[in-house]
Amino acid sequence: MIKTFETPPPFASQWFDPLPPPALSSGTSCRLHGRFHELAPHLVPMDYTNEPDIRLPLTLIVTMPELKENPFRNRIVEVFSEDGQGNLSFNDFVDMFSALCETAPRELKAIYAFKIYDFNGDNFLCKEDLEKTLNRLTKGELTPEEVRLVCSKAIEEADLDGDSKLSFSDFENMISKAPDFLSTFHIRI
Amino acid sequence: DTDSNADSEEESMSEGEMERLKEEVEEKKKIIATMRNKPWRMKRRECQAFVDKFEGALGKGKGKKFYAYKVMMTKKWIKFQRDFENFKTTCIPWERKIKEVESHFGSSVASYFIFLRWMYGMNMVLFGLTFGLVVIPEVLMGLPYGSIPRKTVPRAEQATAQDYSVLMDFNGYCKYSVLFYGYYNNQRTIGLLKFRLPLSYLMVGVGTFGYSLMVVIRTMAKNADVGGGDGDEGEFTFSWKMFTSWDYLIGNAETADNKYASITTSFKESIVDEQENQKDENIHLRRFLRVLANLMIICCLGGSGYLIFFVVKRSQEFANRDDLSWYEKNELELIMSLLGLVCPPLFETIAELEEYHPRIALKWQLGRIFALFLGNLYTFLFALFDEVNNKLEEEKSIRNASIWALKEYYANFTLHNNDSEATAPPIDPADVIRGPCWETAVGIEFVKLTVSDIQVTYLTILIGDFARAVIVRFLNYCWCWDLEATYPSYGEFDISGNVLGLVFNQGMIWMGAFYAPGLVGINVLRLLSSMYYQCWAVMATNVPHERVFKASKSNNFYMGLLLLILFLSLLPVVYTIMTLPPSFDCGPFSGKAKMFDVIMETIDLDLPAFLGTLFSYAANPGLIIPAVLLMVGDNEQYQHMSAVPVCFCVDEVSAKWHHAYSPVTPVT
């Protein structure tokens, strides 16, 4: 499935035609369909040959055991939904788990990670986005000065073009060298 | 005009393009789907070749039965292998116990017990080697107790040989038993099978070190593959912590809570690091204080070394007296164990002058404790060697005396018996004049040291942890301040102290096993009881560290330490084998000029002639030196691969740091 985006930013060429998610085996597709169905048995039909347009709301998706403990679960579901509100069709559901699976390529994961951490959706990771990320990670245990220090240090480390916020290329440059990224940004279903 | 048209055309084309592309893609997908369902076509000749090759698999022709049989056997074999792997996993001892400790205290505390279990396994193998190849043959095929002088308690000591206090000192019957070197006979071959005991004794002694070396290096190499990361030297410390620390696989609420806690602590650590870097410092004062602290610690180390030397000298004087109190008899071992107990906290207190970052301070602390133990052990060894040299001197005179006494005995016999043809009955073994047997004396010293180390460790746990927990729990009801939350509260499990203790204990075993084959057996018992005792103690009396952490990447630090200790224990043993003459009347090498003469003897008498010449060529220094250098080079490589300069428990460090730097939080 090739997914194109409605409003790609002017300079990020890779956004016009991102790499397709890895093809899933028929077994995995069946399993995913089973999981999708059990979230809302009354809504989701067993027979998908007519490709019905059923979308499940965010509140239902985040009850899945794989997602419910994740501090970024809302953002993950929003990123993969077409309307940006978190309503996932089955295709979106499959896209989400294939981007997060073990065999997804690093570039694809970096793209989606960037979108997940970009809370205000302006295609930049600005200070507020970082602060929100940090507060979710530490459950508000750090003092405001500590939060400010961490965010400014993070921007200082990764910002290459000096605009005090992280663009996608800054983010990708930083994340491609991270040893843990592939193993932590991974959901098994 | 044309421009605007072109522009609009371009715009509409992009939309139209999109639509067309989508359609093309859909068509192609349909084609691929139908293609998949169609059968392939093959040329006839290729078909025939294919069928011939895979006849059996296709279920036709003469190969069918054999192929089916092969497939069935392969499947059975794979199943058997899987079952065997499962069985092996269930056979691993104490797995459930360790898992329980891990779930309560985290994997860093559990890693100590895993290390203990690994040591137990290695010691079991050493025990099997020693027992099977040295002790059992001597017991089954050698001469029994009382038949020859070396196996009999001398007449003078027989009265007290069964006393409990004498046995506790490993004298009396203990001294003349299979536990120690002196018991073994020097007959070249024993029993029907012509078992060569002296050769076996030497080979097992050397083989112990060889096996231990192999096992330690193999484990280090395995850990080097798995483990790895060094600390926070990256350029993207905060960014990586922010974007890659959350593990998306977590689905369990408790694990998630622990993860939040560890992420928070990790951030706090980095913040402290950053603030330290930004702090101003008075360099001169700090340098002066550090030099002062190091001087004080060197004084402590020197003082403890001298104390041990002094006590060893005193114990040599005590050896000549008989009226010793319990304290005087065990003074040496007690002092050594107490030094090991008292000095580390002393070092920690002095180190507060230095004001290092907690991670660096812990490095220094471990280094100093290591130096302390090493210094003590080697001082003990040097003092012991002094004693050995004294005994060697003594031996010369006793040897002459015993030959003289034998001549006298025969002379007396012929004098008092008129029958000139009667031969004298041999002297009763208990009456023969005995040499000092320095090897058994060394063996006894090591055994006593090990036993007292065990006693001190167990008592420390009993008093330091158990009694403390009981007092805090029950006295809390009637005490003015809250014992549980502030001082003294419950103890935490001291991982590095325990691991270092284990490592040094193993060093002593390696050193002493050559002179006291029973020592390995004692150690196996000790490790076994330690496992149960410490598991119980940790569950009943300790509280978890304030933060629960994931498993450390630092196992290779302790393995590296073990390797170093192995080499350092190897040196004294090799030195004695090569240079010191064995006692003339005890042990498997008695009567020879040097211990390794057994090998020469075996080569001369047992092996074919050409091998003898081959060995003499191989012993040429021109060949040996390059071989040694090659081996050293290999070891260096392994060490570099596995031991990052000072990597140890990130979590351990964090725990200590947490105590030092964070506000006191009540332990819930």
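Is A:Cys151 buried or exposed, and what is its relative accessible area?

Reply: The model is predicted. A:Cys151 has a relative accessible area of 0%. A residue is called buried when this value is under 20%, so A:Cys151 is buried. B:Cys174 has a relative accessible area of 19%, and therefore B:Cys174 is buried too.

Chain A also has an annotation in the record. The unreviewed UniProt entry lists "domain: EF-hand" for residues 105-140 and 146-181 of chain A. Residues 146-181 of chain A are 61% helix and 0% strand, and the C-alpha atoms at the ends of that span are 24 Å apart. Residues 105-140 of chain A are 67% helix, again with 0% strand; here the end C-alpha atoms lie 33 Å apart.

As for cysteine pairs, a search over all chains finds one disulfide in the whole structure. The disulfide joins B:Cys437 to B:Cys586, with 1.8 Å between the sulfur atoms. Its two ends come from distant parts of chain B, 149 residues apart. B:Cys437 sits in the loop between helix 14 (358-416) and helix 15 (438-475), while B:Cys586 sits in the loop between helix 18 (555-579) and helix 19 (597-605). The link between B:Cys437 and B:Cys586 is right-handed, with 100 degrees about the S-S bond. B:Cys437 and B:Cys586 are both buried.

Terms used
Residues are numbered from 1 along each chain as its sequence is written. Chains are lettered from A and ligands numbered from 1 in the order in which they are written. This is a predicted model: local features need pLDDT of at least 70, side-chain atom pairs count only at pLDDT 80 or more; totals for chains, interfaces and linings use all residues. Side-chain values use heavy atoms; hydrogens and water are left out. A disulfide is a pair of cysteine sulfur atoms within 2.5 Å. Helices (H or I, at least four residues) and strands (E, at least two) are DSSP runs, numbered from the N terminus. Buried means under 20% relative accessible area, exposed over 50%, partly exposed in between (1.4 Å probe, protein chains only). UniProt positions are given in the numbering used here, feature names are shortened, and annotations may be inferred rather than shown by experiment.
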